Amino acid sequence: MENLKERVTIYQVAQAAGVSLATVSRVINKQGNVTEATRTKVEETIKRLGYKPSGLAQALATNRTTNIGIVIPSANYVYISSMLSGVSEVAKEKGFVLTLFTTGHSREDAIAMIEKVIVSHVDGAIIFDDELDEADIEKINSYSVPTIVINKKVVGERTGCVNFSYTNALAKLVQSYYENGGDTEMTFIHLHNCGRLLSHCERRFIAAHQEIGKPYHIMNVDDSYTRTYRDFTNYFQNHKKGYYIAYRDSIAAAVANAATDSGLRIPEDIQVVSLVGTKYAHILRPTLTSIDLDWQEVGKRSMYMLIDLINRNLEEKSYKFDANLVIRNSTKH
């Protein structure tokens, strides 16, 4: 560790060469307005100090920071992490740096994050937050920040969107269940403060039952594997049959594990579905029936669209992904 050199900065190069930061940046980016003698002096200084150009040098010369702001509700959820992986892959390929802005579970907190995006002087933004509405997105547009919004239909001169739908697949699941002789009341597991995506799915679940005249049940749980497992372990002492639709794999796993540890069989006694399926739907035993969406592709598509939007080359400003129901071992059909 003692032999590691401290990173040489562009400021040190400018000071050692006796020139301005802008001059060093123009030399690095091979731009004009620099005499041959000055160019040679700067290049020799760079070589002598062992300087490696950073994004700041390019930013000074091009007025571009190559920085993209990403607004998300949390990086802890697997599907959000998958989306970020897709964004990051394209950003790395195209030479962009990402800055994350994580919001809480309130509109006020989300708006505060927008303010931070604006003052950070990013070249563009990708926003995925259920708490924001069109007026909030327009606030970014007023500052001419190219923006791709995920899961909200909004298109403008400097705005595009990537949308997806879980509700169609969910409605088909409800219909198919009863068409195939389902005789157990379906239960939708409601999580507190989980945004509009879950709310949309819950409303579609209710509507699908009302359309075919079937009863249903809504159960409230905390957004915690441990507490959900504990609550369902107690619940299954008196309930030996059931069909449960959970928001995410972790909650679905809590229900399935509580059932198994209570001596119930899956899927003979208890059936479980994960709404937002991730890689864990394949790993858990039994494997989870889920509604799957390629979140990494959502991230990639969002980043590619944003780059085109920044360069004013984006022709189709709206793109939609469809989630698909995948039947696995946690349900009979």
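Predicted model: local features only at pLDDT ≥ 70, side-chain atom pairs only at ≥ 80, totals over all residues.
Residues are numbered from 1 along each chain as its sequence is written, and side-chain values use heavy atoms, without hydrogens or water. Local features need pLDDT of at least 70 and side-chain atom pairs count only at pLDDT 80 or more, while totals for chains, interfaces and linings use all residues.

The structure contains 17 aromatic pairs (rings of Phe, Tyr and Trp, the last by its six-membered ring, with centres within 6.5 Å; planes under 30 degrees apart are stacked, over 60 edge-to-face, the rest tilted). Phe128 and Trp295 are stacked, because their ring centres are 5.7 Å apart and their planes meet at 25 degrees. Phe128 sits in the loop between strand 3 (124–127) and helix 7 (134–141), and Trp295 in helix 13 (residues 295–310), so the pair ties together parts 167 residues apart in sequence. Helices (H or I, at least four residues) and strands (E, at least two) are DSSP runs numbered from the N terminus. Phe128 is buried at 4% relative accessibility, and Trp295 is buried at 3% (buried is under 20% relative accessible area, exposed over 50%, partly exposed in between, with a 1.4 Å probe and protein chains only).

Within helix 10 (residues 225–235), Phe232 and Tyr235 lie three residues apart, about one turn of the helix. Their rings pair edge-to-face, 5.6 Å centre to centre with 70 degrees between the planes. Phe232 is buried at 1%, and Tyr235 is buried at 19%.

A pocket here is an open set of points on a 1 Å grid over the protein atoms alone, where a 1.4 Å probe fits, with protein on both sides within 12 Å along at least five of seven lines; lining residues have an atom within 4 Å of a point.

Of its 12 lining residues, Val78, Arg248, Asp249, Ser250 and Tyr280 are the closest to its centre. Helix 11 gives the most to this lining, with three residues.
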